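The following note comments on the model shown below.

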Amino acid sequence: MLRQLAALVVSRRRELKAAWKQRLCAAPPKSPLANPEILFHRMNDTLDQLNACLCSHSLRRSLDGAPLQWAELREQCRCGLNPLLDYFETGAAAIATALPDLDEPRKTLLDQTWRVLAQREIALLCSVCCRVCTPALQPH
């Protein structure tokens, strides 16, 4: 099932990128790095990474823990300037648009894989950020 899903993503790459590009351009960039003209150049690499994840034998281990929801991913970057937040969220919406005919198990698997990839990439960029983001306030 994973290889078939990876092949489907590859076969719909053109439609996926077009929908993704449209969604990225719809919102104003939050930082210079979030400029859609810059992020477009990442799409092929990101889709290649998604394909590699889907073809990986270790994918199941990555999916053991539930991937973070988008709100939780945004909470990881308190300043909100990480350009990959919108990049991956719009990518998820584009996947849903470009692959509307997926059955529920495949849709869930693809969404979880996408979120694992997003979580890893967002955390990596945040780890080298020069801003010191304050942690969320804890209720007393």
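1. Helices here are DSSP runs of H or I with at least four residues, strands are runs of E with at least two, and both are numbered from the N terminus. Arg3, for instance, lies in helix α1. The model is predicted: local features need pLDDT of at least 70 and side-chain atom pairs count only at pLDDT 80 or more, while totals for chains, interfaces and linings use all residues. Residues are numbered from 1 along each chain as its sequence is written, and side-chain values use heavy atoms, with hydrogens and water left out.

2. Overall composition. The chain holds 8 helices and 0 strands, in the order α-α-α-α-α-α-α-α from the N terminus on. Of the 140 residues, 37% are buried, where buried means under 20% relative accessible area, exposed means over 50% and partly exposed lies in between (1.4 Å probe, protein chains only). A contact is defined by heavy atoms within 4.5 Å. Among the contacts in the chain with a separation of 6 or more, 81% are between residues 24 or more positions apart.

3. Arg3. With a relative accessible area of 54%, Arg3 is exposed. The C-alpha atom of Arg3 is separated by 8.6 Å from that of Asn51, although the two residues are 48 residues apart along the chain.

4. Packing of α1 on α8. How do the axes of α1 and α8 cross? The axes of helix α1 (residues 2-11) and α8 come within 11 Å and cross at roughly 75 degrees; axes are lines fitted to C-alpha atoms, for helices over the stretch in contact, and angles between N-to-C directions run from 0 to 180 degrees. The two helices are therefore roughly perpendicular to each other, since angles of 65 to 115 degrees fall in that class, whereas those under 35 count as roughly parallel, those over 145 as roughly antiparallel and the rest as oblique. On the α1 side the contact is made by Leu2, Gln4, Leu5 and Val9, and on the α8 side by Arg106, Leu109 and Leu110. These residues divide into 5 nonpolar, 1 polar and 1 charged. In this scheme Ala, Val, Leu, Ile, Met, Phe, Trp, Tyr, Cys and Pro are nonpolar, Asp, Glu, Lys and Arg are charged, and the others, Gly among them, are polar.

5. Salt bridges across the chain. A salt bridge requires a side-chain nitrogen of Lys or Arg within 4 Å of a carboxyl oxygen of Asp or Glu, and by this rule there are 8 salt bridges. One of them joins the side chains of Glu121 and Arg42 (3.4 Å, N to O). This pair links distant parts of the chain, 79 residues apart: Glu121 is in helix α8 and Arg42 in the loop between α3 (36-39) and α4 (43-55). Glu121 is buried, at a relative accessible area of 14%, whereas Arg42 is partly exposed, at 26%.

6. The α6 to α7 pair. The side chains of Glu89 and Arg74 form a salt bridge of 2.9 Å, N to O. Glu89 belongs to helix α7 (residues 83-98) and Arg74 to helix α6 (residues 70-76), 15 residues apart. Glu89 counts as partly exposed at 28% relative accessibility, and Arg74 counts as partly exposed at 29%.

7. A pair within α8. Helix α8 spans residues 104-127 and includes Arg115. The side chains of Asp111 and Arg115 meet in a salt bridge (2.9 Å, N to O); both residues lie in helix α8, 4 residues apart, about one turn of the helix. Are these two partners buried or exposed? Asp111 is partly exposed, with a relative accessible area of 29%, and Arg115 counts as buried because its relative accessibility is 10%. Elsewhere, salt bridges that share partners join Lys30, Arg74, Asp86 and Glu89 into one network.

8. Ile122. Helix α8 also contains Ile122, which counts as buried at 2% relative accessibility. Beyond its neighbours within four places in sequence, Ile122 is in contact with Leu73, Asn82, Leu84, Leu85 and Phe88. Ile122 and Pro83 are 39 residues apart in sequence, yet their C-alpha atoms are 8.5 Å apart in space.
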